[in-house]
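Subject: Structure for your files

Hello,

Please find the structure below, followed by notes on what turned up in it. Please keep it open while you read.

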Amino acid sequence: MKPDFGRFIPKFRAYREAASGPFRSLFDFGKIWKQAVFLCTGVALTPLILMALIDYNVTRHAIESEILLRTSRLVSNERRTISFFLEERKFALEFVVHDNPYETLKDAARLAAILDNLRKALGGFSDLGVIDSSGIQVSYTGPYSLLGVDYRQQDWFRQVMEKGVYVSDVFLGLRNAPHFVIAVKHMLPNGDSFILRSSLDMERFQKILSQMELEPSGDAVIINRSGILQTPSRYFPDIFSRIPFSIPDFSQTTQVYQTSDAKGRIYVIGYAYIVDTPFILMVTKQKSELMKPWFRTLRHLVVFLAVSVVGILAVIIGVATYLVNHMYMADQKRVMTLHQVEYANKLASIGRLAAGVAHEINNPLAIINEKAGLIKDIFTFRSHYAGDAKLAGLIDGIIASVERCGAITRRLLGFARHMEVRIQNVNLGVIIQDVIGFLGKEAEYKSITVSVEIPEDVPEFESDRGKLQQIFLNLVNNAFAAMNDGGHLNIAVGVIHDKSVSVTVSDDGCGIADTDLKRVFEPFFTTKGRSGGTGLGLSITYGLVQELGGDIQVASTVGRGTRFTVTLPLARPPQGSREKKKGETDAGIAG
Amino acid sequence: MRVLLVDDETELVETLAERLAFRGVEADWVGGAADALERVKTKAFDLAVLDVKMPKIGGIELKKRLQALYPAMKFIFLTGHGSEEDFTAGAAEAGSNFYLIKPVKIEALMKKMNEVMQHSGESR
């Protein structure tokens, strides 16, 4: 079975434009609905979405700033730690050269004792050597036999002789393990000088880096000023390889910047040059990781925004539909009332006209009647005219026709009289016979067979005779219009539970299509097109049945026929709302 | 029973008088209220059959005047107009049964006249 979505379509969608002229736009309910929905949506959603966008940008900017600031602080702290580590060892060596005469330091045993003390006190020292001003290592203590090695041609030797202090890059050297060297120069009173040189293993150095508080995706490395990695790390496990980023420009202070790799991943990079060393501390963080909490919040916000928008839209559409529907229904009622009044006026005019015509005809008719009657009397009462059967027959014919005319004018007058609203005891059978009597000739011309079934037990009840006549006249008229020559019309009356009476008017005419069936009671709905029919008949009938407190139903099959069932209460309809309607109709008729 | 027929349609009342004569009823006819008021001065009538709508003086008014002059006189109204006012007025003035709608069958008129006269006989 196909789902019925029809009930979700608002009633005003069924509106067919009937109004025209300068005020037409007032009745375009679809347009009114659209305008209301668009305007309300614009007013409600624009500030909401604008605020959401502004808030999004401001918050995002604030969070990015916070990330950069945090990275900068981290790098600064770490630089201080590393600087301190290196300074500490530098000062230790300087203390040693100041505290111990050159001669003492040349004593290997004493040097070994000092190395031992340094290891215990500070740690990280792996050997200790004394080099004279000509570059020859004159004393050495450590794991290798480096005594007598000539460093004269080495670059570091030249630098330490020039600057007085030297910190080397990390290198593998003879021991084939990463380490670096700190060397200090000491001037002797005789103008000569010597150098105290110590190799430091990377263990302590790396420990400092690994103790940094970094996010899971963060990484901290030391590079030299050529961009060569000095320490291994998460992303760059190969020491001495070149970093994939460009070497940042020299700066005295800590710097933070953003860059992206070949795959488009954005990194936040903080760096600091460690002064008087070849080292640059570099902290790398993946930006998407840092923004994760923000994206989580953002998701919640987007969901909230979407739910709000859907909610607001639902309320706007609901309210607009409700209001426009009510406008539409009020307008429908107004139109229906107007047309009922118009129709009633028209009927009243016809009624007055009919009454006038009937009266005018009645007098000459009475004269014909009496003259014919007199001729008959003469035939009857005077013997010398009697016996001419043919003449008597002709006179009877005249009198019969006059009687028929009289019956018609009486019925016309009766109809006109019953236009006026009056509740009285009515006999349904008499009313139906009256209506059939009116349309009897038409039925004869079209060879329509009319059958009426009225059970004996149908009681008289209080109702409006005129309205009942109009109702059945309209229904029978409609049935005649739907039938071809030789059709059948059946009118059946039945009593339901002693409370109401039902009248079924059924024909075997052309029937009504399903799509039209829902609309037959709407004003101006007609299938007769230009050939006739105002589209008001059934709408008026519907209104009249409702005024009498009854109900009208229609069932139809195309090609098989149509059945209208009018149900009327046997008890008089309650006074009140209907009373007002009655008043309106009264006024219409009186006018 | 002496009957006076009053209607501005004189052809109607003339013919009606002749037909009544065939049935043994002595009926005079006049074409209006003024003539009727003149005629009653010279002749006594038991019953007047009046048209409701007549020029100058209508049937209802004429009935009032005649009744004032001859309280014993009875009346039947004939009307060609079946409107509510006519019925109400007719019913109030003459009792709801004493009116007939044109065209009327002579038998119906005779029956009604007898009823009216009989009614007056009972009431006295």
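B:Pro103 sits in the loop between strand S5 (99-101) and helix H5 (106-123) of chain B. Helices (H or I, at least four residues) and strands (E, at least two) are DSSP runs, numbered from the N terminus. The peptide bond that leads from B:Lys102 into B:Pro103 is cis, with omega near -10 degrees.

This is a predicted model, in which local features need pLDDT of at least 70 and side-chain atom pairs count only at pLDDT 80 or more, while totals for chains, interfaces and linings use all residues. Residues are numbered from 1 along each chain as its sequence is written, chains are lettered from A and ligands numbered from 1 in the order in which they are written.

Chain B

Chain B has five helices and five strands, and from the N terminus its elements run β-α-β-α-β-α-β-α-β-α. Of its 124 residues, 40% are buried. A residue is buried if 20 or more other C-beta atoms lie within 10 Å of its own, exposed if 12 or fewer, and partly exposed in between, with C-beta atoms placed from the backbone. Among contacts in chain B with a separation of 6 or more, 57% are between residues 24 or more positions apart; a contact means C-beta atoms, placed from the backbone, within 7 Å.

B:Lys56 lies in the loop between strand S3 (47-51) and helix H3 (59-69) of chain B. Its phi is near 65 degrees, a positive value in a residue other than glycine. B:Lys56 counts as exposed, with 10 C-beta neighbours inside 10 Å.

Chain A, the sheet

Five strands of chain A form an open sheet in the order S11-S13-S14-S16-S15, with mixed pairing. Two strands pair if DSSP finds at least two bridges between them. S11 and strand S15 (551-557) of chain A are the edge strands, each pairing on one side only. On average, neighbouring strands of this sheet are turned by 15 degrees against each other, direction ignored. Axes here are lines fitted to C-alpha atoms, for helices over the stretch in contact, and angles run from 0 to 180 degrees between N-to-C directions.

Within the sheet, S14(A) and strand S16 (residues 561-569) of chain A pair in the antiparallel sense over eight bridges, and A:Ser500 stands opposite A:Pro569 in S16(A). H10(A) packs on the sheet and touches S13, S14 and S16 of chain A; its direction makes about 20 degrees with that of S14(A).

A:Asp498 is in the loop between strand S13 (488-496) and strand S14 (500-507) of chain A. Although not a glycine, A:Asp498 has a positive phi of about 60 degrees. A:Asp498 is exposed, with 9 other C-beta atoms within 10 Å.

Chain A, helix H9

Helix H9 (residues 428-445) of chain A has 18 residues. H9(A) bends by about 55 degrees at A:Leu439, the bend being the angle between axes fitted to the seven residues ending there and the seven starting there. Its buried residues include A:Leu428, A:Ile431, A:Ile432 and A:Val435. The buried residues of H9(A) pack against strand S10 (423-426), strand S11 (449-453), helix H10 (465-482), S13 and S14 of chain A. Just after H9(A), A:Ser447 takes a positive phi of about 55 degrees.

Regards

Methods
Contact = placed C-beta atoms within 7 Å. Expected span 1.5 Å × (residues − 1).
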